[in-house]
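Subject: Structure handover

Hello,

Please find the structure below. My notes on it follow.

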Amino acid sequence: MMDRRELLSTAVTLGAASMIGLESVFSKEQAELPAKIVDTNISLFQWPFRRLPLDESATLVKKFRTLGITEAWAGSFEGILHRDIAGVNQRLAKTCELYPELVPIGSVNPELPDWEDDLRRCVEQHKMPGIRLHPNYHGYTLADPKFDQLLKLATKAQVFVQIAAILEDTRTQHPMLQVPDVDLSPLPDLMRKNARAKVQILNYRPNQLFGKLAKTPGIFFDTSRVESTDGIAKLLKGGAGNRLMFGTHAPFLIPESALIHTFESDLDATELRSLLWKNAERIQNS
Amino acid sequence: MNRAATQFGLPKPETLKRYRIWDSYFTPSHSHPGSDGSSRLIADIERTLPTIEKGHFEKLCYFPHVGIGTTNDAELEKTLRSRPEIILKPLHRWPKLLLGMIQLNANNLNGSLDALDRWLRDGPMLGVYFPGGGPGAMTCTHKNFNPLVERIAKYKGVIVQHTWYKTGGKQGPGESTPAELAELAARFPNQKFICAHAGGEWERGIRAVQNVSNILIETSGFDATAGFIEMGLREVGAERIVFGSHLPSRSLGTELGKIVGVEMTERERRLVLGENFRKLLNQILQKKDS
């Protein structure tokens with residue numbers, strides 16, 4: 001999988017990077033490194049509540065190429081509400097095969113009968129490096145024993161787990177389908193019990209729990225909904241350094257948003273490289 | 001220093017300069033300027049300066065408290081009334097960068113009318129901001145708004161009304177929705193109103209104001225949700241959309257990203273990023289220059 005990405009780095013990225021000035025990120029010493037941007041948080045197909053300008057996979061990938069995004073970890077919007085999760089993951093895997101940038105991240109819903117088989121297919125059949133969970137839409141909490149069981153199985157299978165802590169601001173949700181943000185407070189204790197587990201929290205806007213989460217090994221974050229002009233810099237200083245990964249939450253959010261926020265954050269080259277791809281490699285390879 | 005001089009996702013600096021960005025919604029220390037009336041506000045503006053430079057903003061409009069009960073801090077309110085020169089500190093420090101519009105308190109009608117005389121007619125302020133929360137919030141359909149809007153119109157001031165449509169209902173009784181602003185705006189067809197945040201839940205917000213031509217929608221205060229600007233362009237047109245940054249509590253990424261990341265003509269982008277706001281301010285700026 002990484003070889004394919006590296007090919008892209010030389011073929012696609014250099015052109016796009018040149019267009020947006022990305023090459024200036026790298027000093028001469030770093031020039032031999034492939035210029036990569038790994039977006040760890042995108043979704044394919046249609047958002048259930050409105051059409052999005054980039055919700056066709058071809059359009060989305062085209063946009064990523066213009067922005068220099070070389071790899072994108074793709075979940076499926078279908079995974080939020082559909083119950084035929086095996087079908088959801090099959091469509092996701094097939095679509096990702098069409099675009100070398102896309103890495104499929106399958107959905108698993110532990111409230112469904114035989115969810116273990118969905119996990120097995122993600123790993124064995126589709127060769128997915130991770131899975132994505134939507135506890136708030138699927139109706140369970142992280143204190144549920146099923147989540148602990150899922151975390152154990154995912155860890156054993158050597159795949160990382162993404163938890164979408166929130167998909168949409170609760171203030172703007174459809175009035176007939178309101179879900180709270182995922183309560184992440186049980187996570188640190190669970191991670192201690194599952195020492196080798198790797199969990200990325202998506203769309204998280206740091207709150208009073210952040211310090212505890214950041215101190216917990218194995219927990220990663222993404223940048224998609226981090227706010228305030230110095231929000232990313234504060235997360236790095238607050239202990240998320242080598243566990244903060246670039247994410248756009250596209251196509252629900254405009255992908256330029258996370259890129260500009262990265263630029264805005266005045267990171268040095270080492271921080272930038274970690275954020276844009278090194279940390280993503282770490283969660284896959286460690 | 002090994003800083004990354006990249007322009008991820010942003011247009012080139014010369015393009016940003018060409019847009020002549022005038023930010024209609026700059027919110028440093030929006031709810032409280034600091035107990036001395038300015039220190040926290042000044043510090044928040046200083047904290048934002050690097051971002052302002054990166055975005056190549058030309059002007060930013062902020063909303064000072066002027067001692068008419070828009071905060072819950074009685075001591076601060078007293079200080080602002082007794083030492084009004086404190087209120088002008090940011091404008092004196094950054095005269096070329098900042099514009100000001102006072103926060104009004106429609107619950108305090110007489111105090112607000114006096115403040116309009118003092119700060120719009122006789123002072124440097126260019127308009128007003130009606131808050132959505134705190135002690136100054138009042139639903140904008142209330143009759144107290146009539147004399148206030150009449151006086152603001154007399155001074156050619158600009159009106160910014162905080163609006164939200166929140167799933168589950170209003171956060172407080174004084175919050176206003178875009179539909180309520182539409183009701184107020186219909187009473188004053190010759191006065192322009194800025195519908196701040198386009199209602200937050202903008203699909204309903206835009207619908208609520210689309211047929212009220214004297215309302216413009218403002219773009220800040222919610223996530224960079226895709227499709228917002230597209231719907232705005234389709235339903236109200238670029239001439240009725242004004243850019244707001246909500247800095248520093250929001251980010252350049254979230255707010256400028258909404259405008260530069262969307263397909264629209266360069267003409268439309270210039271309108272949204274500055275020209276429309278300048279046009280709204282034109283009359284009062286001319287009046288103050290004369």
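A word on terms before the strands: two strands pair if DSSP finds at least two bridges between them. Helices (H or I, at least four residues) and strands (E, at least two) are DSSP runs, numbered from the N terminus. This is a predicted model, in which local features need pLDDT of at least 70 and side-chain atom pairs count only at pLDDT 80 or more, while totals for chains, interfaces and linings use all residues. Residues are numbered from 1 along each chain as its sequence is written, and chains are lettered from A and ligands numbered from 1 in the order in which they are written.

Strands of chain B

Strand β1 (residues 21-23) of chain B pairs with β2(B) in the parallel sense, over three bridges. In this pairing B:I21 is opposite B:F57 of β2(B). Five of the six residues of β2(B), which spans residues 57-62, are buried, so the strand is largely enclosed by the rest of the structure. Here a residue is buried if 20 or more other C-beta atoms lie within 10 Å of its own, exposed if 12 or fewer, and partly exposed in between, with C-beta atoms placed from the backbone.

Chain B also has an open sheet of six strands with parallel pairing, in the order β4-β5-β6-β7-β8-β9. Its edge strands, each pairing on one side only, are β4 (102-103) and β9 (241-242) of chain B. Within the sheet, β7 (residues 193-199) and β8 (residues 215-218) of chain B are joined in the parallel sense over three bridges, and B:C195 faces B:I217 of β8(B). Helix α7 (residues 178-187) of chain B packs on the sheet and touches β6 (158-164), β7 and β8 of chain B, with its direction at about 170° to that of β7(B). Helix α8 (residues 202-209) of chain B also lies across β6, β7 and β8 of chain B, at about 155° to β7(B). Axes are lines fitted to C-alpha atoms, for helices over the stretch in contact, and angles run from 0 to 180 degrees between N-to-C directions.

Chain A

Chain A has 12 helices and nine strands. Of its 286 residues, 50% count as buried. Contacts between residues 24 or more positions apart make up 71% of those in chain A with a separation of 6 or more; two residues are in contact if their C-beta atoms, placed from the backbone, lie within 7 Å.

Helices α4 (residues 85-97) and α5 (residues 115-125) of chain A pack at about 15°, with their axes 10 Å apart. The contact is made by A:I85, A:A86 and A:N89 of α4(A) and by A:D118, A:R121 and A:C122 of α5(A).

The contact between the chains takes 42 residues from chain A and 40 residues from chain B. On the chain A side, the elements giving two or more residues are α11 (255-264) and α12 (269-285), and α11(A) has the largest share, 10 residues.

All this makes α11(A) worth a separate note. 10 of the 10 residues of α11(A) are buried, so the helix is largely enclosed by the rest of the structure. Its cover includes α2 (57-67), α10 (231-240) and α12 of chain A, together with α2 (39-55) and α10 (252-260) of chain B. After α11(A) comes A:D266, with a positive phi near 55°.

Regards
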